[in-house]
Structure formats: structure tokens, C-alpha cells
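Trainee: I have a model open and would like to talk through some side chains with you. Shall we start?

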Amino acid sequence: RSMPDRKQAASEAVVICTRNRPSELARTLESVAEQSGAAQRPVIVVDGSDRDDEERTVEVVRSWCDEGLPVRYHRYAGTPAGTRQRNAGVDLLPDSVEVVHFIDDDVTLRPGYFDALCKVLNQKRHLLGVGGVIAKSEGTSPRPLVQWAHRLFLLRADQPSRVLPSGHTTPAWPTGENDVQPAEWLSTCASSYRAEVFDQHRFDSAVEGPSPRLEDLDFSVRVARDGPLAVVPEARCVHRVSGRNRRGTAATTRERLARRYWFVRKNMDRPLNRLAFWWSALGQLIALVTSSDPDSRAALRGHVQGLRQAWTCAHPLLGEGADDG
């Protein structure tokens with residue numbers, strides 16, 4: 001099922017993957033429509049919703065199509081997964097597209113978001129991808145509070161957009177200057193790549209299920225081996241973090257740990273990196289045991305389950321041949 005095909009020659013396009021979030025998608029499309037040049041920037045919504053939400057998502061897309069936004073609906077026929085839906089969205093783009101923007105279906109873009117990213121890509125032709133600064137809510141900073149224990153256990157650092165030896169990452173945040181910042185990874189919550197990247201790289205289709213998945217970390221680190229990535233502080237957005245399609249505390253903690261180990265094995269598979277991963281897992285265990293947070297008991301249970309999955313390679317991504325994606 002699809003909306004009328006309104007393919008057009010365009011130098012950039014937006015891919016939004018969604019599942020069972022029609023109301024969240026409507027707010028996201030509103031912020032896309034408010035960007036300058038929106039009428040010349042095609043948007044493809046790749047939907048993996050269940051039946052009821054599929055109908056509502058179709059109506060959301062149609063309403064914005066009627067408003068003049070060049071948005072196209074595509075029903076993903078396979079088993080829904082953000083990785084597969086993004087790959088499908090890329091395959092649907094016109095050949096003229098040179099820049100592919102990915103945003104999540106629960107993101108609000110601040111004015112000038114696309115302009116800021118494309119300006120940098122046009123000026124710095126060596127960059128393969130760029131990303132914006134993502135806040136969890138209005139007025140908040142994505143910069144985490146880094147304590148000595150975080151550094152000791154390789155969980156956080158004072159530099160933005162870094163991949164630590166343990167496989168843990170730091171988010172992008174403003175550093176006081178609007179200069180473009182080198183990045184070791186980008187979040188598909190809000191990131192953009194040159195279309196040529198997809199001739200060599202795709203999202204790992206073996207990665208599925210609700211967040212956290214870490215497929216954006218896996219993808220961007222592989223791209224970064226071919227050329228540099230950067231963060232553009234002037235490109236701002238708010239990740240509203242929808243509660244739909246998300247796991248509970250225990251399951252989230254379990255999946256994040258097992259998938260972090262999958263990422264390290266796949267992309268940083270050296271003895272020191274594996275050791276750094278287990279060292280960071282120990283630090284997290286100590287933090288959870290000593291925490292007074294109401295959710296810490298559930299998180300501790302999930303952490304122990306994740307440790308067991310990683311150690312025994314019992315997770316689907318860690319089985320034999322799972323690193324070939």
C-alpha cells in the first residue's frame with residue numbers, strides 16, 4: 001500500500017521509519033514542514049505499524065500530503081525493524097538525491113535544521129555524514145555529568161560524539177562554539193549521510209526489536225572508516241522519546257548490555273576492547289548495586305541477565321555467524 005508516487009528531482013530527501021506512532025509522527029512531520037525549502041525536500045515514511053495504527057498513519061501522511069509537503073507513504077511488507085525500514089527507504093529515493101536525512105518519528109526539528117547540515121556538507125566535501133545536537137526536552141542539555149567513576153570504568157568522557165574503548169559512547173553537545181565538531185559516531189535520531197555512502201554500507205538487517213538497538217552506532221562507525229563524520233551545533237532537535245515500542249527497565253538494560261557487546265565484537269574486536277567492555281560492565285554493576293534509584297532493582301536484574309547473555313553468547317546477535325551482517 002502506498003500514497004501517490006510524487007517522485008521529483010531533489011538533491012536531498014528525508015527518511016522516517018515509524019511503527020504504531022501516528023500521533024508522534026504527525027508532530028514530527030509538522031516540524032519537517034516548517035523547515036525552509038520543505039516543498040522541495042521529499043519525505044518518505046516507511047511504516048511497519050500494526051493494522052489499526054497503519055490506517056491512522058496513512059491518514060496522517062495523507063493530511064500532510066494535502067498540505068503540500070512532498071511526503072510519500074510506504075508500507076513495509078517484511079518483519080518490521082528500523083534497520084530494514086531505513087534500508088527500504090533509501091532504495092525508494094530518486095537517483096538525484098545526494099543527501100539522505102534520517103530522523104526518528106518522535107523528533108521535533110528546530111528551525112534551520114536541514115539548512116545547517118547541508119551548508120556544512122556543501123562546504124566540507126570530505127565529510128560523509130553529519131548530525132545535529134539532540135536534547136531530550138526543551139531547554140535541557142545533552143551533555144552528561146561525568147564523574148571520576150565514569151572515567152575509571154570507561155562509561156563516559158568529557159568529549160562529545162566519542163566511542164570509548166569499551167564500546168560506550170558520548171552524545172553530541174554544544175561546546176560553547178558553533179564550529180563543526182569531529183564525530184566518531186552519529187545517532188539516526190537525527191543524522192544525514194551522502195547518498196554515495198549507501199553504495200557500500202547498509203544498516204544491519206539482523207538488528208531488530210524495540211529500542212535500544214545500537215544499529216546507528218554500528219552503521220556510523222563503519223561509515224567513519226571510509227571518511228570523517230561531524231556534528232553541526234547549529235542543527236538542533238528535541239527527541240520527545242515516545243513510550244510506545246519500548247521495553248521495560250529490566251529488558252532495556254539487558255538488551256543494551258548484550259548489544260553493546262555485539263557492537264564491540266563486530267567493530268572493535270581486539271582483546272583490549274573486550275576487556276574494556278567487561279570492565280565497564282563491572283562498573284555498571286557496582287553502580288546499580290549501590291544505587292537508591294527506584295528502578296535500580298529492575299535495572300540490576302536486567303544487567304545480570306545481559307551479562308549472562310553476553311558471556312554465553314545466548315543473544316541472537318551473538319550466535320555463530322552473527323557478526324557477518
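Trainee: Is tryptophan 279 buried, partly exposed or exposed?

Mentor: This is a predicted model, in which local features need pLDDT of at least 70, side-chain atom pairs count only at pLDDT 80 or more, and totals for chains, interfaces and linings use all residues. Residues are numbered from 1 along each chain as its sequence is written, and side-chain values use heavy atoms, leaving out hydrogens and water. Buried means under 20% relative accessible area and exposed over 50%, with partly exposed in between (1.4 Å probe, protein chains only). Tryptophan 279 has a relative accessible area of 35%, so the answer is partly exposed.

Trainee: Thanks! Which helix holds tryptophan 279?

Mentor: Helices here are DSSP runs of H or I with at least four residues, numbered from the N terminus. By that numbering, tryptophan 279 sits in helix α8.

Trainee: And serine 49, is that buried or exposed?

Mentor: Serine 49 lies in the loop between β2 (43-47) and α2 (51-66); strands such as β2 are runs of E with at least two residues. Its relative accessibility is 1%, so serine 49 counts as buried.

Trainee: Which side chain makes a polar contact of 2.5 Å with that of serine 49?

Mentor: A polar contact is a pair of N or O atoms within 3.5 Å; within protein, one must be able to donate a hydrogen and the other to accept it, and residues adjacent in sequence count only if both atoms are side-chain atoms. For serine 49, the partner at 2.5 Å is aspartate 47.
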